[in-house]
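Reader: Please show the model, and then I will ask about it.
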Amino acid sequence: MAPPLMRSPMRSPLGRAIGLGSAKEGVEHWWAQRVSALALVPLALWFVIAIIGLVGADRALVVDWVRHPGPAILLVLLLIATFYHGALGLQVVIEDYVDNKTLRFGLLIVMRLAAIVFAARGIFAVLKLSLGA
Amino acid sequence: MNSDPRPLSPHLQVYRWQLTSVMSILHRASGMALAAGAILLVWWLGAASDGPEAYAGVQGFLGSWVGRVLLFGWSLALFYHLCNGLRHLVWDTGRGLELRSVYASGWAVVAGTVALTLIAWIAGISHWTR
């Protein structure tokens with residue numbers, strides 16, 4: 001007996017098992033957003049506490065602070081996680097609101113590159129402060 | 001073309017505001033604000049590594065009224081996105097999705113955001129005037 005029409009999927013059993021749907025992607029993005037969010041929970045809390053400790057500090061104190069390996073490593077991790085998580089989030093915003101395909105494509109590339117450039121600038125600054133003279 | 005008198009999808013101007021939808025919108029808005037704030041962080045670190053003059057420039061901006069308002073807004077956005085992000089992560093495990101829990105956790109996020117922002121600024125100001 002043939003299954004009822006409503007329950008007869010147009011998709012092959014293999015397609016259903018893989019379960020990616022017509023978009024073919026998205027699960028990785030979803031996971032990456034969550035994992036980077038989890039990483040940012042302790043990093044953001046540490047950063048806020050560290051910044052409160054630096055209120056009113058002059059440059060010498062800040063430089064001395066970044067010179068320690070702990071803050072330097074955590075700052076680099078914070079920059080990576082922040083710009084990675086931010087790029088994933090901004091990607092969804094652009095995909096949701098920018099209707100024009102060409103503009104959307106362009107904005108996605110510019111946004112990604114900008115996130116990489118800013119992250120690189122920040123990491124370079126931390127390394128220079130931490131390792132430099 | 002539209003001869004069917006069925007109601008259309010919600011017109012935003014007559015749509016009653018709800019905690020749930022406002023918080024959802026704010027999560028995205030605070031995320032975008034934090035992306036801009038991340039650039040401020042890079043500017044600050046870059047200036048610190050460039051030398052005393054560049055650093056004085058950033059400090060001058062952050063110490064101005066505009067700078068302080070931005071910092072306050074950024075801290076508010078950070079704590080909101082952090083608290084509401086944790087709410088989302090709990091939802092992702094399939095928990096807390098009943099309407100009552102959604103509202104309870106929503107108000108908890110609002111309270112947590114206000115509390116954390118106040119604690120951070122009180123701690124910062126008391127550290128500064130120490």
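Reader: What percentage of the residues of chain A count as buried?
Author: The model is a predicted one, in which local features need pLDDT of at least 70, side-chain atom pairs count only at pLDDT 80 or more, and totals for chains, interfaces and linings use all residues. Residues are numbered from 1 along each chain as its sequence is written, while chains are lettered from A and ligands numbered from 1 in the order in which they are written. A residue is buried if 20 or more other C-beta atoms, placed from the backbone, lie within 10 Å of its own, exposed if 12 or fewer, and partly exposed in between. Of the 133 residues of chain A, the buried part is 19%.

Reader: Which residues of α4(B) are buried?
Author: Helices are DSSP runs of H or I, at least four residues long, numbered from the N terminus. What covers the buried residues of α4(B) includes α1 (19–50) and α3 (65–92) of chain B. Those buried residues are B:S105, B:V109 and B:T113.

Reader: Is B:G63 buried or exposed?
Author: B:G63 lies in helix α2 (residues 52–63) of chain B. Within 10 Å there are 12 other C-beta atoms, so B:G63 is exposed.

Methods: Helices (H or I, at least four residues) and strands (E, at least two) are DSSP runs, numbered from the N terminus. Two residues are in contact if their C-beta atoms, placed from the backbone, lie within 7 Å.
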